[in-house]
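Subject: Structure handover

Hi there,

Here is the structure I promised to pass on to you. Have a look at it first, and then read on for what turned up in it.

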Amino acid sequence: MNFQLSGKRALVTGSTTGVGFAIALELAREGAIVTINGSEPERVAAAVEFIRSEVNHAQVHGVTADLANAYGIQSLLRQCPKADILVNSLEIIERAPFEKITDSEWHRIFDVNVLSGVRLVRHYLPRMKATNWGRIVFISDDPGITPSGEMIHHGMTKAAQTAVSHGLAQFMVGTGITVNSIRAGQTLSESVAMVLAKLAPDQEISIADAEPQRAPQMPQTSRSDEIIDPTEVPAEMTCICSPDVAATNDEAQRMVGDAVSSLY
């Protein structure tokens with residue numbers, strides 16, 4: 001399907017693996033000029049190489065920058081000063097008992113999961129407003145609505161992220177800029193796989209069996225028992241970014257398996 005994204009400049013944060021990588025790959029297939037971002041140069045280079053091998057004439061570039069702080073943001077912006085499409089998919093997923101989460105951990109996860117997106121939107125929004133076109137997408141998940149007992153800090157950041165998305169969307173009403181969030185449920189990202197790998201030995205089961213419904217310690221934040229493959233998210237995301245879908249603004253779309261529903 002042609003979503004008319006050819007030539008659009010797209011930045012996808014946290015895109016060397018998981019949902020972010022799958023989105024970057026799909027945008028490249030649609031003809032967008034894609035910037036891959038990650039904090040490790042080897043993984044950024046590998047992601048760029050893979051997309052170029054999969055997509056003929058792919059216009060994809062890599063920027064190594066740690067977006068956990070303002071210095072890393074500035075480094076990225078020097079190398080990627082313009083973007084028509086901004087996909088904020090960078091996040092930290094960690095499990096910890098509430099009483100053991102230190103002040104520094106609260107600040108760190110907020111800086112990565114929330115402030116990185118805020119800082120990038122603040123930079124790219126003026127140009128989007130000048131051209132009267134832009135697409136801003138936040139990749140969220142269930143803990144923003146129903147945080148688990150051992151992911152309260154993560155859930156807080158996702159709730160904050162949704163609030164930012166909602167407020168920006170209202171601010172952009174009447175323009176050619178849309179702001180939406182995709183709540184992807186429990187996706188089998190690298191972070192989730194790492195959590196499952198830690199749980200499996202404790203449960204004395206295989207990693208394949210360490211799914212939320214079979215491993216009680218795994219945060220149960222979705223009404224679905226199914227873990228979504230990261231490749232199921234990009235099609236919905238590219239549709240939202242299409243110039244033909246200008247009416248889709250201020251949506252928080254929830255994916256469960258093949259189902260997509262609107263939260264507001």
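Let me begin with the second largest pocket: by class, its lining has seven nonpolar, four polar and two charged residues. Please keep in mind throughout that this is a predicted model. The space in this pocket comes to about 160 Å³. Of the 13 residues that line the pocket, Arg9, Thr35, Gln79, Cys80 and Lys82 are the closest to its centre.

Helix H1 (residues 18–29) packs against helix H2 (residues 41–54) at an angle of about 35 degrees, and their axes are 10 Å apart. The crossing of H1 and H2 is right-handed. On the H1 side you will find Phe21, Ala24, Leu25, Ala28 and Arg29, which meet Ala47, Phe50, Ile51 and Glu54 in H2. Sorted by class, the residues of this contact are seven nonpolar, no polar and two charged.

Helix H3 (residues 70–79) pairs with H4, with axes that come within 10 Å and cross at roughly 40 degrees. That angle makes H3 oblique to H4. This crossing, too, is right-handed. H3 brings Ala70, Ile73, Leu76 and Leu77 to the contact, while H4 brings Ser116, Arg119, Leu120, His123 and Tyr124. The contact of H3 with H4 has six nonpolar, two polar and one charged residues.

H4 (residues 103–131) also meets helix H5 (residues 152–171), and here the axes come within 8 Å and cross at roughly 15 degrees. H4 and H5 are therefore roughly parallel to each other. Their crossing is right-handed. If you want to pick out this contact on screen, select Trp106, Ile109, Phe110, Asn113, Val114, Val118, Val121, Leu125 and Lys129 in H4. Their partners in H5 are Ile152, His153, His154, Met156, Thr157, Ala160, Gln161, Val164, Leu168 and Phe171. The residues of the contact of H4 with H5 divide into 13 nonpolar, five polar and one charged.

So which helices does H4 meet? It makes contact with H3 and with H5.

Technical notes:
Residues are numbered from 1 along each chain as its sequence is written. This is a predicted model: local features need pLDDT of at least 70, side-chain atom pairs count only at pLDDT 80 or more; totals for chains, interfaces and linings use all residues. Side-chain values use heavy atoms; hydrogens and water are left out. Axes are lines fitted to C-alpha atoms, for helices over the stretch in contact, and angles run from 0 to 180 degrees between N-to-C directions. Helices (H or I, at least four residues) and strands (E, at least two) are DSSP runs, numbered from the N terminus. Angles under 35 degrees count as roughly parallel, over 145 as roughly antiparallel, 65 to 115 as roughly perpendicular and the rest as oblique. A crossing is left-handed if the near helix is turned anticlockwise from the far one by less than a right angle, and right-handed if clockwise. Contact means heavy atoms within 4.5 Å. Ala, Val, Leu, Ile, Met, Phe, Trp, Tyr, Cys and Pro count as nonpolar, Asp, Glu, Lys and Arg as charged, and the others, Gly among them, as polar. On a 1 Å grid over the protein atoms alone, a cavity is a set of points where a 1.4 Å probe fits but cannot get out, and a pocket is an open set with protein on both sides within 12 Å along at least five of seven lines; lining residues have an atom within 4 Å of a point. Grid points are joined across faces, edges and corners, and a volume is the space filled by probe spheres set on the points.
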